[in-house]
Structure formats: structure tokens, C-alpha cells
Amino acid sequence: MKIPYIQHIGIGIHITDSSIRWVELSRINQRIQVVNNLTEDISDCDLSEGLKNLVSIAKPKFPFVTVNLDSAVLSQDVIDVPFFEDSEELDEWINETYLQLIEMVGNSSEVVVSHQLLGTSEEMRKCLFVTAEKKVVQERIGLIKSAGLQPVAITTGDIETGYTLLFNEEYAEGNTWLLRAYEDHSTLMSFSDGMPSQYHRLADGLTRLEDLSSEAETIILSQEQSKFRNNIEICVLANDKIMKQLRSNEENYSIKFSKAAPLSGLNLKNEALKADYAVAAGMALSQLYPASLEINLLTEEAVWTTRDSYEKKEAINTVIYAGIFLGVLLMLLGLFQFILNSKSEQVDTEVLMLEDKITAVTDARGNIEDLRKSVNQARKQFSSRTNTALVLEKMGHMLPSGLWLTGLQAELLSDDGGDMNLRLIGLARNEAAIANLLDRAEQTAGFENVKLVLSEQVKSSDYYNMVNLQPQHLVLFQVVIDVKPQK
């Protein structure tokens, strides 16, 4: 089942005396995909039987199709369109032409007429009129319905063939001549910026490209805009037999032919369509873009009323299926919710127990962190005291005789007490004792940057010579030392 109102399906059936070609296209937004392209040989079987065989293989998702009528049962006339000031006058002229054509072949109850305007210039437009007997149209409708399908359009399959080239910029812009050559009939058409501008039915029975080329050349050279043979180039969409002739004798024709493939400008997932399927593909394309469908020997009311009712029915079925699916889904969700509720208390208890364990672990981690901080602090204090004791021990060993310390200042430069700055203050009998102190300090491990910052002679009644009991001359000094811990 296709997606209603989102996915569009178009099926084109090209029927000739020897074969039935089937192309099924799918469109979602502007993305087109080839669903099926099949061929059924009917040279040895009944047309109805061949169509039923084709349907059984294709298994279409959508029963509505566009089909062609054999050119032998159609009357096609290209008539110059007079210049009119407004569209109402044009419509009136078309209706009058309808009546004239009907009078030529019968009455309105026996004949159906459709038309296609050709050309974009209002002063040089032509109109293609297609006339068919209603009984022939009804026979084709009966054939399609006998295979379980419903026709939405019955056409010639000519203009639609050219529309398969519009996805290729090379053909969509400017003027393009197109030769459509198949078993049923051959036509030469021109398209201007993607719109049909000329239509020429070629003689029946032409199966050789050489004959088709000769007649096409005569038609094109008769046009005012194509006076030079070297400028003639024709795009070819034909059956396999004629395309094979073109490939084997491409340089033997006076006209330059270019091989084309239907829908060649599209990024198709599967393999590109051969030219053999161009007519069927064009009719399928006209279903995807109904505005492009001009020639239709079925009434518009019959086409769209049936199609719209099917679309609505399909949409209703889709809604019903979706409702059943949602109902089953809700039941499953309800059952799942019941199972969850039945175990909710157990889950809640386990969650509470887990939360208690998490809290205990968090508290334990906090206690461990506090203990770690206390240990680190104790280590720093122990290290500081140990370093200080080692420094004092070294100083005791390095002090020479004749020198006394009267003060000691220590400035810690790190938290662990390893780095410190010492200032030694004291008295010495002479300069030699101070020099001895500096020398010993520089040789002591861990003492760096030893500097004498003060040295002056003092005489005071506080110091006496033990021999003559006279005031002693002493040297007051200050020494600065950087202490580094030993590793």
C-alpha cells in the first residue's frame, strides 16, 4: 500500500501490435523512482491475456493507469490557431472546431475529441486535435478493467514521450527536435523550453531509420528557422530495433542524430530506463504531474472522481490500520506499566538501601580526606623540626674559636621547613675569626649564598680582657646564609 497524499504512483502502459510495455513510477515530493519496467510479448497470445500476465508480474500498488490508443483508430489534425485577444475567444474557437470535427466523422454521441495547444507565441500557435470513436475508447477501458486496473487517461503517447526529457537541462532549455519511432507509429515533434511547439505525424510503415531520417529532414528543412542542413540535430527515442540501427550507422545519415534515454536527468537508484520504455514512462509521468496531461480521451470528471474516491478510501484504511496499531501499542504499554508498578516498592527499597550505602561511602571518603590532611600537616611539622635541628647541629660544628653568637634569626621559605634564610649575629675577637666562619659555612653542605652583611669594631665596657682586665676591642658581625634541604 502506498502512502496516501504523500507518495504518488504513476503507471504508463504502451500497447502496440507486438508488445505491451509497462513502467511504474513513484514520487515523494520531487524525488522520482522507477518501481517497475516490464515488457510482455503478445505476438503469440491474446492482448487481454498478455496484459493480465504483465499485471500478475508487476503487482501494482495502485490500480490507476494511463494507456495509449492505437494510431490506426485515431484521427489527428494540426490546425493553425487564429489570434485572439483573450482566452474566452480561444476557448470558443476550440469548441467550434470540436463540433466541426465531430460533424466530419459522426455525431457527439459517437465521437470524443481532445486537443493540445502547440507553441508559445500567440501569433504562431497551432493546435493538435485528436478524435476517436467512443466505442473504441470503451473497448480500451474494458481491456484495462479486465486486468483489474482503472484507466485515468487514454492518450496518444506522443507529447508525453517528450516530457521524459525535461529532467535533462540539455533538452529542457532552447529548441529540441524529437523523433519518436515505435511499432504503432512515428512522429516528429519539437519542444521549445520544454513546451511542445510542433507536431508532425510521419508515414505509417516506416521501420528503417534511413526512411525516417529522409522524411524528418524534409519536414525540418521546410521550416523557416531551419534553412541549413548542417544545423539539423534530432534527439531519438525509439524501440530497440531502431536504436540498434542508429548505433551501427550513426555517421551514415545527413541529419545528426543524438541518442537519448527517458528520465536521464534524474538520479535514479536503479538502472536508467532504455529508450524502448520512453512512451510508457511519459504516460506514467503524466499521472505524477497531471497538469502536463492535455490530450485525454476520457472525461475529466470520470478520471478524477474515481481517483479521488480511491485516494480517500485508501487514506481511511490507512487511518484504521494505524488506529489498530496504536491500540495494540497502548495495550502493550499498559501491561508494561502494570509490571513496573508491581515491582516499584522493591525497586524503591533497593534504591533507599543504595542511597544509604552511597552516603556511608561519602562520609568515609570525607573522614579519609580529613585524616590525609592531618597526616600531611604532621609530616610537614616533623620535617620542619627535623630540618631546623639539623641546621643547628651544623652551625655548632662550623663555629670557630674566638667567635660567639649573640643572635639567630630564621625565616622559613617553604611550608615543610626545608628552605630557610638564616641571619647570624655575633662578636669575634678579630676579622680572621669571621673569615674562618665564612669559609666553614661555604663548605657546609646545604648552606648557600653565604654573605657578610655587617662587620664593625666595637669597644665596650661590657667586654674585658681576662689577662689585663682592660676593655676588649671586638668585631660585631652579621652573616646571611640560604639553607637548602639535603636530598
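Hi everyone, and a quick word on ground rules. The model is predicted, so local features need pLDDT of at least 70 and side-chain atom pairs count only at pLDDT 80 or more, while totals for chains, interfaces and linings use all residues. Residues are numbered from 1 along each chain as its sequence is written, and side-chain values use heavy atoms, with hydrogens and water left out.

Let's start with confidence. The mean pLDDT of the protein, the predictor's confidence in each residue from 0 to 100, is 82, and 84% of the residues reach 70 or more. Where pLDDT is low, the predicted coordinates should not be read in detail.

Now the overall build. The protein has 11 helices and 17 strands; these are DSSP runs numbered from the N terminus, with helices being H or I of at least four residues and strands E of at least two. Of its 487 residues, 42% count as buried, where buried means under 20% relative accessible area, exposed over 50%, and partly exposed in between, using a 1.4 Å probe and protein chains only. Take contacts, meaning heavy atoms within 4.5 Å: among those between residues at least 6 apart in sequence, 64% join residues at least 24 apart.

What about the inside? A nonpolar core here is a set of buried Ala, Val, Leu, Ile, Met, Phe, Trp, Tyr and Cys residues joined through side-chain atoms within 4.5 Å. The largest one has 85 residues, and those with the most contacts inside it include Trp22, Val137 and Leu297. Helix α8 (residues 278-288) gives this core its largest share, 8 residues. Another core, of 20 residues, lies apart from it, with Met398 and Phe447 among its members.

Next, please find helix α2, residues 87-105, where Thr97 sits. How far apart are the end C-alpha atoms of α2? They are 28 Å apart, which agrees with the 27 Å that its 19 residues should span at 1.5 Å a residue; the expected span is 1.5 Å times one less than the number of residues. At the N-terminal end, Asp86 caps α2, with a side-chain oxygen 3.3 Å from the backbone nitrogen of Glu88.

The buried residues of α2 are Leu90, Trp93, Ile94, Thr97, Tyr98, Leu101 and Ile102. An α-helix has 3.6 residues a turn, so residues three or four places apart point the same way. Strands β5 (74-80), β6 (111-118) and β7 (126-133) are among what covers the buried residues of α2.

Is Thr97 buried or exposed? Thr97 counts as buried because its relative accessibility is 5%. Its side chain reaches the backbone oxygen of Trp93 at 2.8 Å. Beyond its neighbours within four places in sequence, Thr97 is in contact with Ile79 and Phe129.

Last, two residues to look up. Most residues other than glycine have a negative phi. Asp193, however, has a positive phi of about 55°; Asp193 sits in the loop between β10 (186-192) and β11 (195-201), and is exposed at 54% relative accessible area. Asn449 also has a positive phi, near 50°. Asn449 is found in strand β16 (residues 447-464) and is partly exposed, at 47%.

Conventions
A polar contact is a pair of N or O atoms within 3.5 Å; within protein, one must be able to donate a hydrogen and the other to accept it, and residues adjacent in sequence count only if both atoms are side-chain atoms.
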